[in-house]
Amino acid sequence: RSAWRRTAPSGSSPVDWSRDLPTWPLSHLSSRIDCPPHLWHVQQAGEGETLLLLHGAGATTHTWRDMLEQFAETRHVVALDLPGQGFTRSGTAQRLGLQEMTEDIANLCASQGWRPAALVGHSAGAALAFNLADRIAAGGGAPPRVVGINSALGRFEGMASWLFPLFAKVLALNPLTSVAFTLGGPQPHRARRLIESTGSSLSQEGLSYYTRLLGDRAHVDGTLQMMARWNIDRLARRLNAIHSQSLLLAGANDKAVAPKVSAAARDALPNAELVMLDGLGHLAHEEDPETVRRWCQTNLD
(Lines give C-alpha, C1' and ligand atoms only; values in the text may rest on other atoms or scores of the structure.)
Protein backbone atom coordinates (compact mmCIF):
# COMPACT_ATOMS: atom_id res chain seq x y z
CA ARG A 1 0.00 0.00 0.00
CA SER A 2 1.09 3.57 -0.62
CA ALA A 3 2.47 5.46 2.38
CA TRP A 4 -0.43 7.95 2.42
CA ARG A 5 -2.87 5.19 3.34
CA ARG A 6 -1.10 4.40 6.57
CA THR A 7 -1.22 7.86 8.12
CA ALA A 8 -4.85 9.00 7.93
CA PRO A 9 -5.89 10.35 11.34
CA SER A 10 -7.52 7.65 13.43
CA GLY A 11 -11.30 7.79 13.19
CA SER A 12 -11.20 10.63 10.65
CA SER A 13 -13.81 11.20 8.00
CA PRO A 14 -11.78 12.82 5.21
CA VAL A 15 -13.27 14.63 2.25
CA ASP A 16 -14.28 11.61 0.21
CA TRP A 17 -13.31 11.32 -3.46
CA SER A 18 -16.38 9.42 -4.64
CA ARG A 19 -18.86 11.14 -2.32
CA ASP A 20 -17.72 14.78 -2.42
CA LEU A 21 -15.75 15.33 -5.63
CA PRO A 22 -18.76 15.30 -8.01
CA THR A 23 -20.11 18.46 -6.34
CA TRP A 24 -16.72 20.18 -6.02
CA PRO A 25 -15.86 23.03 -8.42
CA LEU A 26 -14.33 21.94 -11.75
CA SER A 27 -14.40 18.27 -10.74
CA HIS A 28 -14.39 17.31 -14.43
CA LEU A 29 -10.76 18.48 -14.51
CA SER A 30 -9.72 16.39 -11.49
CA SER A 31 -7.40 13.40 -11.34
CA ARG A 32 -5.28 11.60 -8.76
CA ILE A 33 -1.52 11.24 -8.97
CA ASP A 34 0.31 8.87 -6.63
CA CYS A 35 3.69 10.54 -6.19
CA PRO A 36 5.14 9.51 -2.81
CA PRO A 37 4.88 10.44 -0.10
CA HIS A 38 1.46 11.86 -1.05
CA LEU A 39 -1.57 10.93 -3.12
CA TRP A 40 -2.30 14.19 -4.90
CA HIS A 41 -5.54 15.73 -6.13
CA VAL A 42 -4.77 17.72 -9.27
CA GLN A 43 -6.89 19.69 -11.72
CA GLN A 44 -5.56 20.35 -15.23
CA ALA A 45 -6.82 22.20 -18.30
CA GLY A 46 -5.48 23.81 -21.48
CA GLU A 47 -2.36 23.53 -23.58
CA GLY A 48 0.91 25.42 -23.90
CA GLU A 49 3.32 26.62 -21.24
CA THR A 50 2.47 25.44 -17.74
CA LEU A 51 1.02 27.66 -15.01
CA LEU A 52 0.98 26.18 -11.49
CA LEU A 53 -1.65 27.42 -9.01
CA LEU A 54 -0.98 27.03 -5.26
CA HIS A 55 -3.71 27.71 -2.70
CA GLY A 56 -3.25 28.97 0.86
CA ALA A 57 -3.60 27.11 4.16
CA GLY A 58 -7.08 25.71 4.71
CA ALA A 59 -8.23 26.03 1.09
CA THR A 60 -8.23 23.67 -1.93
CA THR A 61 -8.35 23.95 -5.72
CA HIS A 62 -11.84 25.42 -5.30
CA THR A 63 -10.24 28.79 -4.55
CA TRP A 64 -9.32 29.07 -8.28
CA ARG A 65 -12.79 28.07 -9.57
CA ASP A 66 -13.48 31.41 -11.28
CA MET A 67 -9.99 31.78 -12.80
CA LEU A 68 -8.63 28.39 -13.80
CA GLU A 69 -10.51 27.86 -17.05
CA GLN A 70 -9.90 31.46 -18.14
CA PHE A 71 -6.16 30.98 -17.61
CA ALA A 72 -6.42 27.71 -19.56
CA GLU A 73 -7.56 29.51 -22.71
CA THR A 74 -3.92 30.33 -23.45
CA ARG A 75 -1.82 27.88 -21.39
CA HIS A 76 -1.66 24.55 -19.59
CA VAL A 77 -2.92 25.12 -16.04
CA VAL A 78 -2.27 22.84 -13.07
CA ALA A 79 -3.92 23.37 -9.68
CA LEU A 80 -3.35 21.03 -6.75
CA ASP A 81 -4.54 20.47 -3.21
CA LEU A 82 -1.67 20.82 -0.75
CA PRO A 83 -0.76 17.66 1.21
CA GLY A 84 -3.24 16.85 3.96
CA GLN A 85 -5.83 19.33 2.65
CA GLY A 86 -8.88 18.80 0.50
CA PHE A 87 -8.61 15.63 -1.57
CA THR A 88 -4.81 15.22 -1.30
CA ARG A 89 -3.81 12.54 1.17
CA SER A 90 -0.58 13.19 3.04
CA GLY A 91 1.90 10.35 3.47
CA THR A 92 3.35 11.83 6.65
CA ALA A 93 2.82 14.95 8.77
CA GLN A 94 6.61 15.36 8.81
CA ARG A 95 6.42 16.61 5.18
CA LEU A 96 3.99 19.48 5.83
CA GLY A 97 6.52 22.29 6.46
CA LEU A 98 7.47 24.91 3.88
CA GLN A 99 10.76 23.31 2.82
CA GLU A 100 9.34 19.78 2.66
CA MET A 101 6.24 20.80 0.73
CA THR A 102 8.44 22.71 -1.70
CA GLU A 103 10.54 19.61 -2.33
CA ASP A 104 7.50 17.38 -2.75
CA ILE A 105 5.78 19.74 -5.20
CA ALA A 106 9.02 20.00 -7.19
CA ASN A 107 9.20 16.20 -7.28
CA LEU A 108 5.58 15.99 -8.42
CA CYS A 109 6.30 18.43 -11.25
CA ALA A 110 9.38 16.46 -12.31
CA SER A 111 7.48 13.15 -12.24
CA GLN A 112 4.82 14.56 -14.57
CA GLY A 113 7.18 16.44 -16.86
CA TRP A 114 5.73 19.80 -15.86
CA ARG A 115 8.12 22.74 -16.23
CA PRO A 116 6.05 25.69 -14.99
CA ALA A 117 6.76 28.93 -16.77
CA ALA A 118 4.71 30.74 -14.14
CA LEU A 119 3.50 30.24 -10.58
CA VAL A 120 0.51 31.90 -8.91
CA GLY A 121 0.16 31.44 -5.15
CA HIS A 122 -2.15 32.78 -2.50
CA SER A 123 -0.96 33.48 1.06
CA ALA A 124 1.09 30.45 2.18
CA GLY A 125 0.81 29.22 -1.41
CA ALA A 126 2.69 32.35 -2.47
CA ALA A 127 5.50 31.46 -0.06
CA LEU A 128 5.62 28.03 -1.71
CA ALA A 129 5.68 29.67 -5.14
CA PHE A 130 8.65 31.89 -4.28
CA ASN A 131 10.42 28.97 -2.62
CA LEU A 132 9.90 26.93 -5.80
CA ALA A 133 10.93 29.71 -8.15
CA ASP A 134 14.65 28.93 -8.24
CA ARG A 135 14.11 25.17 -8.00
CA ILE A 136 11.94 24.75 -11.09
CA ALA A 137 13.42 25.93 -14.36
CA ALA A 138 11.01 26.92 -17.12
CA GLY A 139 11.74 26.40 -20.79
CA GLY A 140 15.24 27.50 -21.72
CA GLY A 141 16.33 27.37 -18.09
CA ALA A 142 14.75 30.70 -17.16
CA PRO A 143 13.18 31.05 -13.71
CA PRO A 144 9.38 30.97 -13.71
CA ARG A 145 7.42 34.20 -13.31
CA VAL A 146 5.65 34.50 -9.96
CA VAL A 147 2.44 36.19 -8.83
CA GLY A 148 1.81 36.31 -5.09
CA ILE A 149 -1.68 37.19 -3.85
CA ASN A 150 -1.58 38.48 -0.26
CA SER A 151 1.72 36.68 0.09
CA ALA A 152 2.51 35.28 3.54
CA LEU A 153 6.19 36.24 3.35
CA GLY A 154 6.64 37.96 6.69
CA ARG A 155 7.27 36.84 10.24
CA PHE A 156 4.75 37.32 13.03
CA GLU A 157 5.47 40.44 15.04
CA GLY A 158 5.94 40.96 18.77
CA MET A 159 4.48 38.32 21.05
CA ALA A 160 2.94 36.59 18.05
CA SER A 161 6.43 35.72 16.78
CA TRP A 162 6.64 33.00 19.43
CA LEU A 163 3.09 32.69 20.80
CA PHE A 164 1.28 31.85 17.54
CA PRO A 165 3.68 29.11 16.35
CA LEU A 166 3.63 27.62 19.85
CA PHE A 167 -0.17 27.72 19.92
CA ALA A 168 -0.34 26.04 16.51
CA LYS A 169 2.03 23.29 17.65
CA VAL A 170 0.00 22.61 20.77
CA LEU A 171 -3.19 22.37 18.74
CA ALA A 172 -1.65 20.16 16.08
CA LEU A 173 -0.11 17.77 18.57
CA ASN A 174 -3.40 17.27 20.40
CA PRO A 175 -5.32 14.51 18.59
CA LEU A 176 -8.60 15.86 20.00
CA THR A 177 -8.24 19.32 18.45
CA SER A 178 -9.61 18.48 15.02
CA VAL A 179 -12.33 16.36 16.61
CA ALA A 180 -13.47 19.26 18.81
CA PHE A 181 -13.23 21.80 15.99
CA THR A 182 -15.39 19.74 13.63
CA LEU A 183 -17.86 18.55 16.28
CA GLY A 184 -21.37 18.97 14.97
CA GLY A 185 -20.30 18.84 11.32
CA PRO A 186 -20.46 21.74 8.86
CA GLN A 187 -21.52 25.03 10.49
CA PRO A 188 -22.08 27.97 8.09
CA HIS A 189 -21.86 30.63 10.83
CA ARG A 190 -18.37 29.41 11.78
CA ALA A 191 -17.15 29.65 8.18
CA ARG A 192 -18.65 33.12 7.78
CA ARG A 193 -16.96 34.42 10.95
CA LEU A 194 -13.62 33.00 9.88
CA ILE A 195 -13.77 34.45 6.36
CA GLU A 196 -14.96 37.85 7.57
CA SER A 197 -12.11 37.94 10.09
CA THR A 198 -9.69 37.99 7.14
CA GLY A 199 -11.27 41.13 5.68
CA SER A 200 -13.10 39.30 2.89
CA SER A 201 -16.76 38.87 2.03
CA LEU A 202 -17.76 35.85 -0.07
CA SER A 203 -20.92 34.74 -1.80
CA GLN A 204 -23.07 31.99 -0.30
CA GLU A 205 -21.53 29.58 -2.78
CA GLY A 206 -18.01 30.55 -1.73
CA LEU A 207 -18.88 30.20 1.94
CA SER A 208 -20.44 26.78 1.32
CA TYR A 209 -17.08 25.27 0.28
CA TYR A 210 -15.32 26.53 3.41
CA THR A 211 -18.25 25.32 5.52
CA ARG A 212 -17.73 21.82 4.16
CA LEU A 213 -13.97 21.96 4.66
CA LEU A 214 -14.21 23.29 8.22
CA GLY A 215 -16.50 20.38 9.08
CA ASP A 216 -13.96 17.83 7.84
CA ARG A 217 -11.64 16.43 10.50
CA ALA A 218 -8.82 15.32 8.20
CA HIS A 219 -8.72 18.67 6.37
CA VAL A 220 -8.63 20.64 9.63
CA ASP A 221 -5.95 18.33 11.02
CA GLY A 222 -3.83 18.69 7.86
CA THR A 223 -4.11 22.49 8.02
CA LEU A 224 -3.10 22.56 11.69
CA GLN A 225 -0.15 20.25 11.03
CA MET A 226 0.99 22.59 8.24
CA MET A 227 0.70 25.65 10.51
CA ALA A 228 2.65 23.93 13.27
CA ARG A 229 5.57 23.21 10.95
CA TRP A 230 5.59 26.50 9.02
CA ASN A 231 8.79 28.53 9.19
CA ILE A 232 9.34 31.43 6.82
CA ASP A 233 12.77 32.53 8.10
CA ARG A 234 14.90 30.67 5.57
CA LEU A 235 12.87 31.95 2.62
CA ALA A 236 12.77 35.50 3.98
CA ARG A 237 16.57 35.59 4.18
CA ARG A 238 16.99 34.71 0.53
CA LEU A 239 14.26 36.75 -1.18
CA ASN A 240 16.97 39.03 -2.59
CA ALA A 241 18.40 36.03 -4.48
CA ILE A 242 15.11 35.15 -6.23
CA HIS A 243 15.31 36.78 -9.65
CA SER A 244 11.93 35.74 -11.05
CA GLN A 245 9.83 38.49 -12.60
CA SER A 246 7.37 38.92 -9.75
CA LEU A 247 4.06 40.63 -9.12
CA LEU A 248 2.73 41.09 -5.59
CA LEU A 249 -1.01 41.74 -5.25
CA ALA A 250 -2.11 42.99 -1.84
CA GLY A 251 -5.70 43.46 -0.69
CA ALA A 252 -5.99 46.79 1.10
CA ASN A 253 -8.52 45.25 3.51
CA ASP A 254 -6.49 42.11 4.27
CA LYS A 255 -6.63 41.42 8.02
CA ALA A 256 -4.74 38.12 7.82
CA VAL A 257 -1.56 39.26 6.03
CA ALA A 258 -1.04 43.02 6.31
CA PRO A 259 -0.34 44.81 2.99
CA LYS A 260 2.95 46.07 4.45
CA VAL A 261 4.22 42.46 4.27
CA SER A 262 3.88 42.57 0.48
CA ALA A 263 5.51 46.02 0.42
CA ALA A 264 8.52 44.69 2.35
CA ALA A 265 8.76 41.69 0.03
CA ARG A 266 8.65 44.01 -2.99
CA ASP A 267 11.64 45.87 -1.59
CA ALA A 268 13.56 42.63 -0.97
CA LEU A 269 12.88 40.93 -4.32
CA PRO A 270 15.13 42.11 -7.20
CA ASN A 271 12.42 42.11 -9.90
CA ALA A 272 9.11 42.75 -8.18
CA GLU A 273 6.14 45.08 -8.62
CA LEU A 274 3.45 45.74 -6.01
CA VAL A 275 -0.21 46.44 -6.78
CA MET A 276 -2.70 47.39 -4.04
CA LEU A 277 -6.25 46.10 -4.50
CA ASP A 278 -8.66 48.58 -2.97
CA GLY A 279 -11.72 47.18 -1.24
CA LEU A 280 -10.49 43.56 -1.21
CA GLY A 281 -9.39 41.35 1.67
CA HIS A 282 -7.33 38.21 2.13
CA LEU A 283 -9.38 36.16 -0.34
CA ALA A 284 -9.21 38.87 -3.00
CA HIS A 285 -9.09 36.33 -5.84
CA GLU A 286 -12.41 34.85 -4.70
CA GLU A 287 -14.04 38.22 -4.03
CA ASP A 288 -13.13 39.74 -7.41
CA PRO A 289 -11.60 37.00 -9.59
CA GLU A 290 -11.77 38.99 -12.81
CA THR A 291 -9.76 41.94 -11.46
CA VAL A 292 -7.16 39.64 -9.91
CA ARG A 293 -6.95 37.54 -13.08
CA ARG A 294 -6.36 40.63 -15.23
CA TRP A 295 -3.52 41.75 -12.97
CA CYS A 296 -2.04 38.24 -13.06
CA GLN A 297 -2.10 38.32 -16.85
CA THR A 298 0.13 41.41 -16.85
CA ASN A 299 2.90 39.29 -15.33
CA LEU A 300 2.13 36.03 -17.13
CA ASP A 301 1.95 37.24 -20.76
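A: The account below begins with the model itself, then turns to the strand, the loop residue and the helix pair.

This is a predicted model, in which local features need pLDDT of at least 70 and side-chain atom pairs count only at pLDDT 80 or more, while totals for chains, interfaces and linings use all residues. Residues are numbered from 1 along each chain as its sequence is written, and side-chain values use heavy atoms, with hydrogens and water left out.

The protein chain has a mean pLDDT (the predictor's confidence in each residue, from 0 to 100) of 87, and 84% of its residues reach 70 or more. For residues 1-14 the pLDDT is below 50, yet this stretch has 24 contacts (heavy atoms within 4.5 Å) beyond near neighbours in sequence.

Five of the five residues of E5 are buried (under 20% relative accessible area, with exposed over 50% and partly exposed in between, for a 1.4 Å probe and protein chains only), so the strand is mostly covered. Ala118, Val120 and His122 point one way, Leu119 and Gly121 point the other way, and all are buried.

E5 pairs (DSSP finds at least two bridges between the strands) with two strands named here. With E3, residues 50-54, the pairing is parallel over four bridges, and Leu119 is the bridge partner of Leu52. With E6, residues 145-149, E5 also runs parallel, joined by five bridges; there His122 stands opposite Ile149.

Arg135 lies in the loop between helix H4 (124-133) and E6. Its relative accessibility is 37%, which is why Arg135 counts as partly exposed. Leaving aside residues up to four places away in sequence, Arg135 touches Gln99, Thr102, Arg234 and Arg238.

Elsewhere, helices H7 (residues 188-196) and H8 (residues 204-214) pack at about 110°, with axes 8 Å apart. They are therefore roughly perpendicular to each other (65 to 115 degrees). H7 contributes Pro188, Arg190, Ala191, Arg192, Leu194 and Ile195 to the contact, and H8 contributes Gln204, Leu207, Tyr210, Thr211 and Leu214.

Key. Axes are lines fitted to C-alpha atoms, for helices over the stretch in contact, and angles run from 0 to 180 degrees between N-to-C directions. Angles under 35 degrees count as roughly parallel, over 145 as roughly antiparallel, 65 to 115 as roughly perpendicular and the rest as oblique.
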